Amino acid sequence: MSQSSLRSILFLVIVFWPVSLHAQLRYSTGGVSNYPASCGGADLPLSVPEARNFQGWYNLAGFSVVSRWENGDVWGSDFRDGTSGTNDTEPQGGSDLPEVYFFSGHGICQNPPTSGTGDFIATCGTFGKPDVTRIGTSSRWGNTGGRLQFMFIDASCPMDLPSLVGEWFASFRGLHMATGHSGDVNHDTFDSSNRGSQFAAYTTGVNLPDPLGTFFFYPQLSVGDAWMTTGLIDVQPQVCAVALASGNDRDDAINRRENEFITSGFGNPTPNWFAWRWVCN
């Protein structure tokens, strides 16, 4: 049995309405709610529902799903660059396969973060060990055939402002933008199903009944504006929502930070310059 066939097959019934002209944009989600003691973290009951809400909006917008793995089927290796069969281009779940990836689960907070501390994605997978990936040393998105343009991480402290330069710049190898939170062990994000749902609604601009059955009007916002609008939903005081963009030069990076939509169709940047913005609770 191949490594990729070890994943269980998940089915999710989605109502499509109507299919948009942007179906060529592909997305994936990884939602982890179950963290048994062997993985060293508390359960996050709302992470899987949050990922499913994200899926609901992106399907309503007509985008194509690559993978939507949950719990043990989200592997740590999905976020690590490499040449083996378990890496970020693994055919059934690697984070570098689609144009958009949304992760909901654990990260790791420091007390306090510094320029030398790491930013992390923490899973509890049935394969692709280890479960914890340090972004600065192991994640490289957009290289060697990778397609990822937007990395959205809804977790604890995966984009700390003090460590932004050392941890994140190296991961941009064609990646356009990334979003996450900055905080520490005393100022963290809460488990939430609404934050990712609202973010998805604003990045797609789908003005239809949301997955909870209520009608809302969501104008499509740029990635940066959407995260500044929704990233502080259900967080503790002093937590910051952070959006980071790469560009060919200063003006390009700033333009992407302020104005790039998931549907803009911008080409991949050469990571010569970075621009970021944040808002704090």
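Modeller: One term before we start: a residue counts as exposed when its relative accessible area is over 50%, and as buried when under 20%. Also, this is a predicted model.

Colleague: What does the protein average in pLDDT?
Modeller: The average is 90. Of the residues, 89% score at least 70.

Colleague: And where does pLDDT stay under 50?
Modeller: Over residues 1–21. The model has 35 contacts beyond four places in sequence for that stretch. Where pLDDT is low, the predicted coordinates should not be read in detail.

Colleague: New topic. What kind of peptide bond runs from Asn111 to Pro112?
Modeller: A cis one, with omega near -5°. Pro112 sits in the loop between strand 3 (100–104) and strand 4 (120–122).

Colleague: What about the bond that joins Lys129 and Pro130?
Modeller: That bond is cis too, and omega is about 0°. Pro130 is in the loop between strand 4 and strand 5 (132–134).

Colleague: Now phi. What is the value at Thr144?
Modeller: Positive, about 40°, although Thr144 is not a glycine.

Colleague: Where does Thr144 lie?
Modeller: In the loop between helix 2 (135–138) and strand 6 (150–154).

Colleague: Is Thr144 buried or exposed?
Modeller: Its relative accessible area is 69%, so Thr144 is exposed.

Colleague: And Gln238, what is phi there?
Modeller: About 75°, so to speak on the positive side. Gln238 is not a glycine either. Its place is the loop between helix 5 (223–230) and strand 8 (240–247).

Colleague: Buried or exposed, Gln238?
Modeller: Exposed, at 54% relative accessibility.

Terms used
Residues numbered from 1 in each chain as written. Predicted model: local features only at pLDDT ≥ 70, side-chain atom pairs only at ≥ 80, totals over all residues. Heavy atoms only, no water. pLDDT = per-residue confidence, 0-100. Contact = heavy atoms within 4.5 Å. Helix = DSSP H or I, 4+ residues; strand = E, 2+ residues; numbered from the N terminus. Buried < 20%, exposed > 50% of the residue type's maximum accessible area, 1.4 Å probe, protein only.
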